[in-house]
Amino acid sequence: MRRSFRKIGAAAALLAMMAMPLTNAAWVAASDETDALANEPDPYVIAPDDAQDYDTENLKLTKGLSYTKKDGTEVEVTGAIDTMVFMADPTSIEVDGKLYMYGTLDQRSYADEFDAEGKAVGNTNDPENGKVLPNKYQTKKLGIYSTTDLVNWTDEGVIDMEQVMGPDGQPASAKWAWNAWAPTAMKYDSDGDGKDEYYIFFTNGGDVGYVKGETPTGPWKDEIGKLLWTENDHPEKKEGKSTGMGSRFDPSVLMDPDTNQAYIYWGGLGESSAHPKCSRAAKLKVEADKVEVDWDSYTVLDAYYHFEDNEINKFEGKYVYSYCANWSGEIKTDKYISGGSVSINAYISDDPLDIAGDPANPGDSHAQFIGTILDNPGAELFDEWYNNHHHMFQFKGKYYMLYHTTALDQFLYKDFYAPAGKKSMSYRNMHVDELEVDLDSDNPSIKVTPTYEGPEQTDDFNPYQVINATTQSHQGGLTRKILDDGTVVLDKIDTGDWTRIDGVNFGETGASKLTAKVASAMDEAKIDVFLDDPENNDNKIATLAVKNSGEDNYEELSADLTGVTGKHNVYFVFRGTGYNVASWEFSNGEQGQPQTPPEVLPEASAQPEASAQPGTPSQPGTPSQPSASVQPSASVQSAPTATAAPDAGKKVTLAKPAIKSVKNVKGKKAQVTLKKKIKNAAGYEIQYSLKSNMKSAKKVEIKKASTLKATIKGLKNKKKYYVRARAYATVDGKKQYSSWSAKKTVKIKK
């Protein structure tokens, strides 16, 4: 089986300095070569000729993220976290035994215009209307993931700066957050009501601001409606001097657990100097309605070979400041930095503001340079150097590091990039590994060894809760979709795709029932559930028969379970296409009901903004769940169990139509022609939009199944439209739909 391209078979100066390739010159070369790359395929779409029948007996599972090493050995990359989206620059906070990770969402960039020399002129985020470019870091969104065990991770949605509003009612993106990079997180009860507030600081590409939430997943607000600082706020500038900083970005915050004093660290882009003095530190004043920098505590840091990526922690009573070293060739022979260019290095100190200095001449400084703690993980694992951001944290008695690589980019697009001589376009994904921390010895050290496997699971996974369907330790072929209310669901499902949850402990009594919430535009689909081995039919514990509920209507499917006890890895294997899954829920055999974890988050004071945050903030230890708007209505009949067939006469099987052509005809119209009549159809719905994601789409209807042409009127001249179609049948006065056809485009010229 192959996806559409055989996935399974095989600020200009500022951005240049942030590029993945080893040197800035390499970045320029990469940008100039994009004319060799055609329109990028969608790695999550199966080519029609290669799709498996949903009920095939010889099912072939989609390959999950893996890497082929230089010796030809292929390994599973289970230490990767975000295998459905691209995400980088990690940070995290722990809330009652649950870790929330935040990061930059890498949105893919494309060029739709080129100059005479073939260089990109215009940028777009439309993959169907341009050629793929190296990562331009064009994003106004931060991603959120959560975990209780560091192996199974849940997609909690996004913080969208176009939806986060400031005190004047304007979105943060319009005022200052025109980019959202490199977040850092802090929790603190700033108003003294006994409940923590949650702060996410990040850079807009040059300076730093923050948003504030009532829970770790929002809703979020732009509390002060402006940046925390600009270049002109720095004391050097007020004295008419240069700050010597390449940029005032990449913040890191620490709320000292012993003093409740907050500190912030920022700056970087010292490209080659051993002593660029391009980083800064200061105290923060955190009040109920605002955060401010205490400029009286402003400190210039002499971080050795600093480039970017500030990080501050307090481990074993010591302050730990770490960062990414620069590109200097001298680092290769430096006796203090063993990891070379773009490695992560660190200091320790008992003074949070006296935290860096010259390792060769420390003088009276409290800071002690401990050198490299992470070599560039690309060189270690995936044979590609890139910029290097990290985050260290303590969780359930051990130390860990989050970092990013280009593993997912290489895996999804390796066949696509290979003809152009590339490994990736520098779109990044997150990984986690355990840290070794020893700060009490005569030679203090912190060290992490990047792995393909990731850390050991910290806790068994509790199945007796509502489990967001994106929760997984590993998966093959799937991506996510965020609904209008913020709920995150599995998307682009094809036969053979799968997800896995590791270390699921059903206990001695065991599980008696599995319930899923599914929205489907077709009947020819089902979900098989296995324990431990998805290719052994003896390990199958349930089959959920998917029914046509309508593509936006989530209904419950359920199956009775027997003999499901003990601890297992659980596989959900998908058959068919045209449906989305919101959640799983196991019931305990003894109680007949799911067990609810006892911890409860503070209630949010406001509803989540549409498309910005998950619909229902989850409890600690509980992946997020669909909000009320995606629950089945009271009038919906009970869903059949996994073994029950659809009621005779109540459901109609409809194949999806195919569009033969879409032509522009005189009068700013488009004529749509379907290939053939669809069996059991009563008619067809034609949908058209100016956007490839079909947002704000309009529709026309064909009311006879034998009629295969429709005319769309009132279109705009010189505009490109996307068109798709679906068939419908009417049963008991209600319409049932097929899945949508592939989209076609038409340019209006007359």
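**Stop 1: the largest cavity**

The largest cavity holds about 80 Å³ of space. This is a predicted model: local features need pLDDT of at least 70, side-chain atom pairs count only at pLDDT 80 or more, and totals for chains, interfaces and linings use all residues. Residues are numbered from 1 along each chain as its sequence is written, and side-chain values use heavy atoms, leaving out hydrogens and water.

Rolling a probe the size of a water molecule over the atoms shows where empty space is left. Here a cavity is a set of points, on a 1 Å grid over the protein atoms alone, where a 1.4 Å probe fits but cannot get out. Its volume is the space filled by probe spheres set on the points, and points are joined across faces, edges and corners.

A lining residue has an atom within 4 Å of a point. Now colour β3 (87–95), β10 (181–188) and β18 (306–315): these elements give two or more residues to the lining. Strands are DSSP runs of E, at least two residues; helices are runs of H or I, at least four; both are numbered from the N terminus.

**Stop 2: three backbone spots**

Most residues other than glycine have a negative phi, and most peptide bonds are trans. Look for exceptions.

- Select G218 and P219. A cis peptide bond joins them, with omega about 5°. P219 sits in the loop between β12 (208–213) and β13 (220–221).
- Select K277. Its phi is positive, about 45°, although K277 is not a glycine. The loop between β15 (262–267) and β16 (279–287) holds K277.
- Select S426. Its phi is positive too, near 70°. S426 lies in the loop between α6 and β24 (429–438).

K277 counts as partly exposed because its relative accessibility is 44%. Buried means under 20% relative accessible area, exposed over 50%, and partly exposed in between, with a 1.4 Å probe and protein chains only.

**Stop 3: the nonpolar cores**

A nonpolar core is a set of buried Ala, Val, Leu, Ile, Met, Phe, Trp, Tyr and Cys residues joined through side-chain atoms within 4.5 Å. The largest one has 46 residues. Select V320, I373, F382, M392, M401, L435 and I446, which have the most contacts inside it. Helix α6 (residues 407–417) gives the most to this core: seven residues.

Zoom in on L435. Beyond its neighbours within four places in sequence, L435 is in contact (heavy atoms within 4.5 Å) with M392, Y399, Y400, M401, I446, K447 and V448.

A second, separate core has 34 residues, including Y464, I501, A525 and V581.

**Stop 4: a five-stranded sheet**

In what order do the five strands of this open sheet run? The order is β27-β30-β35-β32-β33, with antiparallel pairing. Two strands pair if DSSP finds at least two bridges between them. The edge strands, β27 (474–476) and β33 (540–545), each pair on one side only.

Three bridges join β27 to β30 (residues 498–505). Select H474: it stands opposite R500 in β30.

K540 is partly exposed, because its relative accessible area is 29%. Leaving aside neighbours within four places in sequence, K540 is in contact with D528, V529 and F530. K540 and D528 are 12 residues apart along the chain, and their C-alpha atoms are separated by 6.9 Å.

Methods. 1 Å grid on protein atoms, 1.4 Å probe; cavity = no way out; pocket = protein on both sides within 12 Å on 5 of 7 lines; lining within 4 Å.
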